[in-house]
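Subject: Structure for your review

Hello,

Here is the structure I said I would pass on. Please open it alongside the notes below.

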Amino acid sequence: MQFLPVFLDLRAGPVLLIGAGELVRAKLRLLLAACARVRWLTLDGVRDIGEFSAEDAQRIEHVDGDIESIDLAGVIAVLCAGAGQAGERMSARARALGLPVNVMDDLVHSTFIFPAIVDRGDVVVAIGTGGASPVVARRVRERIEALLPARIGDLAGFIGRWRRHIHERMPEFALRRRFWERVVDGPIGALVLAGRSAEANAALDNILDPAQFASADGEGLVTLVGAGPGDPDLLTVKALRALQDADVVFYDDLVSPEILDRARRDAARVSVGRRIGKPGIGQDATNALLIEAARAGKRAVRLKGGDPFVFGRGGEEVAALREAGVAYAVIPGITAGIGAAAESEVPLTFRQQATRITFLTAHKARDAEAVDWGALTDTKMTMVVYMGITAALSIREGLLAAGRSPQTPVGVFARATRPDAKAIVGTLDQLPDLVTQVETGPAILIIGDVVAHSAPWRAADLARFAAPMMAAAE
Ligand code: SAH
């Protein structure tokens, strides 16, 4: 760490700003937003401040002079456009007086630099790379922007307003900290983040005994979180937040290690996975673990591949939690079929060609035989089949017997959105052969004319056209 991040109170005295141009104007904007008084030496004499409000403009003091003669008395920091000798000279003068100085785009002559900033009112995040790469800093900022609830600044402001009052009633530091943790993590914090500050004020006002509120066992919560099909960047912002808040994560085998990595570092991780050929701990035992964790006051995340409510037994888990009187929430995820379709460019609906989608599962041959294929013959319907690999033969037989054309395009999408994803396309007739080409791992079948629009289909077409031409050339 070459630069220490600190937060400067700019009301203590004027900041000297030297230069003109877009970069300087951007700094002027930033300084005014931070309540600074700015002494501005433009050097070229052009001072267009039309974009600022009258109130902001009042905080700009125009000064004349040059680098050598400008008065530094009372100035708390110096900011200088970097061109030519000006920056170097100004830096030397400022440093001789012990004043912090920033020469724009010139690390060598700067004693402080500007971070990338996330500004949410009372909550401000500064991101630095030691001046190495503003682009990297901006990317980090984008991630943090996405993570922070929009009203996090309001939450800090809310606590700020109540702080003294609570301090007077609760002198003990550790207890007070627990009190605020319970406010931030509990329903009162949620009200502020939802923009319902009046209700939050009333709820806090209603706490008659803050010490008891602080020391009571927190109520646990189970959040069913959809982890998406594998790519960690496909987690929703809410899913990420739940993972970062978790005390314990109960996860399926389908959840990739990269996603588990996004959970809070010190969260406990418990596999409750179930896989073909490996039973896992069973649904009842999983339900019991979730209930036990919540009753112990923990924030438990039940992390499930794809979406919790699509062939994920989320419905059963929610019913068990409800019956046990445990608080729960559900965060959706991108289901494997949707992830695979986007990755391989299968438009699941298509104007006039495909107007319906059916999600179905056919785990074993006998499940496939139980499917009413006669209800699935509409050629304008796209079928997305989960767990359909081992039953591929029965699926083909069922659909052909129901009258679906053997030429219907189908795709097998294995390990979709993961680094080792593989897509195989062909016709319904070829389905049993196609599934043998994808090796291990979860795979989705998509059946319907829309598969002919997909990227792997177009690539196969190209190869078909190219092959005879190559043969002719030989
Ligand atoms: N709740 C999950 C589905 C669980 S059932 C969801 O919404 O996606 C398990 C089946 O999901 C697997 O047999 C496979 O058909 C499918 N699946 C899950 N992840 C997948 C992936 N990355 N690629 C292809 N299929 C996947």
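The notes below go from the overall chain to the cores, the salt bridges and one surface patch.

Please keep in mind that this is a predicted model.

Overall chain. The chain has 18 helices and 17 strands. Its radius of gyration is 31 Å, whereas a compact globule of 474 residues would have one near 23 Å. Along the principal axes, the C-alpha atoms fill a box of roughly 90 × 80 × 40 Å. Of the 474 residues, 42% count as buried. The accessible surface comes to about 25,000 Å², and carbon and sulfur atoms hold 55% of that.

Cores. The largest nonpolar core has 25 residues, and the members that touch the most others are Trp373, Met383, Ile395, Val412 and Leu431. Two or more residues each come from strand S14 (381–386), helix H16 (392–401), strand S15 (409–414), helix H17 (431–435) and strand S17 (443–447). Another core, of 19 residues, lies apart from this one; Ile152, Val192, Leu204 and Ile207 are among its members.

Salt bridges. The structure holds 26 of them. Arg29 and Glu51 form one, at 2.9 Å from N to O. This pair links distant parts of the chain, with Arg29 in helix H1 (residues 22–33) and Glu51 in the loop between strand S2 (38–41) and helix H2 (54–58). Both ends are partly exposed: Arg29 has 35% relative accessibility, and Glu51 has 43%.

Glu317 and Arg302 form another, with their closest N and O atoms 3.1 Å apart. Glu317 is in helix H13 (residues 314–324) and Arg302 in strand S11 (residues 299–304), 15 residues apart. Glu317 counts as buried because its relative accessible area is 0%, and Arg302 is likewise buried, at 1%.

One network of salt bridges with shared partners joins Asp185, Asp247, Arg264, Asp266 and Arg299. Within it, the closest N and O atoms of Asp266 and Arg264 are 3.1 Å apart. Asp266 is exposed, at 59% relative accessibility, while Arg264 is partly exposed, at 26%.

Surface patch. Phe311, Ile338, Ile357, Phe359 and Met387 make a nonpolar surface patch of about 390 Å². Ile338 belongs to helix H14 (residues 336–344) and is partly exposed, with a relative accessible area of 40%. The buried residues of H14 are Gly337, Gly339, Ala340, Ala341 and Ser344. Just after this helix, Glu345 takes a positive phi of about 60°.

Regards

Notes. Residues numbered from 1 in each chain as written. Predicted model: local features only at pLDDT ≥ 70, side-chain atom pairs only at ≥ 80, totals over all residues. Heavy atoms only, no water. Patch = residues over 30% accessible without salt bridge, like charges linked within 9 Å, V, L, I, M, F, W, Y side chains within 5 Å. Areas by Shrake-Rupley, 256 points an atom, 1.4 Å probe, with all protein chains shown as cover. Salt bridge = Lys/Arg side-chain N within 4 Å of Asp/Glu carboxyl O. Helix = DSSP H or I, 4+ residues; strand = E, 2+ residues; numbered from the N terminus. Buried < 20%, exposed > 50% of the residue type's maximum accessible area, 1.4 Å probe, protein only. Rg over C-alpha atoms; globule rule 2.2 N^0.38 Å. Core = buried A, V, L, I, M, F, W, Y, C linked by side-chain atoms within 4.5 Å.
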